[in-house]
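This report covers the salt bridges of one model and the surroundings of their partners.

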Amino acid sequence: MITISIASSVLAVVLMASAAVPDTGCEPPREESSPGSRVDHLVIIGVDGLGPEGIRRAETPAIDALMDRGAWSMQARAVMPTSSSPNWASMIMGAGPEQHGVTSNAWELDAFAIAPTVAGPDGRFPTIFSVLRAQRPEAEIAVIYDWGGFGRLLNLDGTDLALDADGPEAATAAAEAALVDRRPTLLFVHLDHVDHALHDHGFLSEPYLDAVAEADRFIGRIVAALDRAGMTDRTAVLVTSDHGGQGTSHGGETMGELLIPWILAGPGIETGRALAQPINTYDTAATAAALLGVEPPECWIARPVTESFVPEPATVGR
């Protein structure tokens, strides 16, 4: 594993003492029981603070192109509270805060208010990364994140590349290089600058929409890198977010904070389809598992967004 730390975030101190973490044996099936994969590679791009209305109002040709050739919803939902850590955790852990225990940005592995229902050897609730590693040990897993706090949500020792990037330009350049040089099975890219614009200038303000347009350019660069790597025909791309906003903040109970985009494109994915299936952010983990051919652990509450998949041909029996 390669771990590079360029920037770190100052995290709040949790006042409640660490409780005992139960381990009830929520182990994912091993590789011999794994189903077949739908794609060879999956790229998940999470844009912090990106609300659907921002996509509607900003210039987003790269996102629009993914929607044209993919399946999408502008009605997907975050979890409560609409803060970053609970939602990034839910997205990669296939469950909500009630299960994984990440209830605020103050969460730490050894200091939390609510213990996870189950935990692996590292004390964390199972993530899509740990499930993929357990069932497909040969998989190349890369995680590139623009907010240092994201890294504490997963066991970086279980990844092949873990990069704490300094800004969206560095994160995007690292993602491009990872695709061309490493061709990862799963690449997760986190971009943070839209959330900064939200806090500094306000949700849906002109600077916020400029940041959304910039995020779209970064997404376009990552998608273009798939072509250079010769991966486009074998790769699914999923674009989503952790939360939206209200004024210069988030964490509350408004629809502007709760709604997030969910856009999936690639081989075997419906094209130009507005999804009717209700989508929660934790369904991203289950969808990733279905695309990559791994079985989700029983402790996940997520379900794959199967409406986005092109139906497989029916098997005709004799």
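The structure holds 14 salt bridges, a salt bridge being a side-chain nitrogen of Lys or Arg within 4 Å of a carboxyl oxygen of Asp or Glu. The model is predicted: local features need pLDDT of at least 70, side-chain atom pairs count only at pLDDT 80 or more, and totals for chains, interfaces and linings use all residues. Residues are numbered from 1 along each chain as its sequence is written, and side-chain values use heavy atoms, with hydrogens and water left out.

| Salt bridge | N to O distance |
|---|---|
| R152 with E108 | 4.0 Å |
| R182 with E140 | 2.9 Å |
| E176 with R221 | 2.8 Å |

Start with R152 and E108, which meet in a salt bridge. R152 lies in the loop between β4 (141-145) and β5 (161-164), and E108 in the loop between α4 (97-100) and α5 (128-135), so the pair ties together parts 44 residues apart in sequence. Helices (H or I, at least four residues) and strands (E, at least two) are DSSP runs, numbered from the N terminus. R152 is buried at 11% relative accessibility; E108 is partly exposed at 22%. Buried means under 20% relative accessible area, exposed over 50%, and partly exposed in between (1.4 Å probe, protein chains only).

Next, R182 and E140 form a salt bridge. R182 sits in helix α6 (residues 168-182) and E140 in the loop between α5 and β4, 42 residues apart. R182 is partly exposed, at 29%.

E176 pairs with R221. This link joins helix α6 to helix α8 (residues 206-228), across 45 residues. E176 is buried at 13%, whereas R221 is partly exposed at 26%. Shared partners join E169, E176, R221 and R228 into one salt-bridge network.
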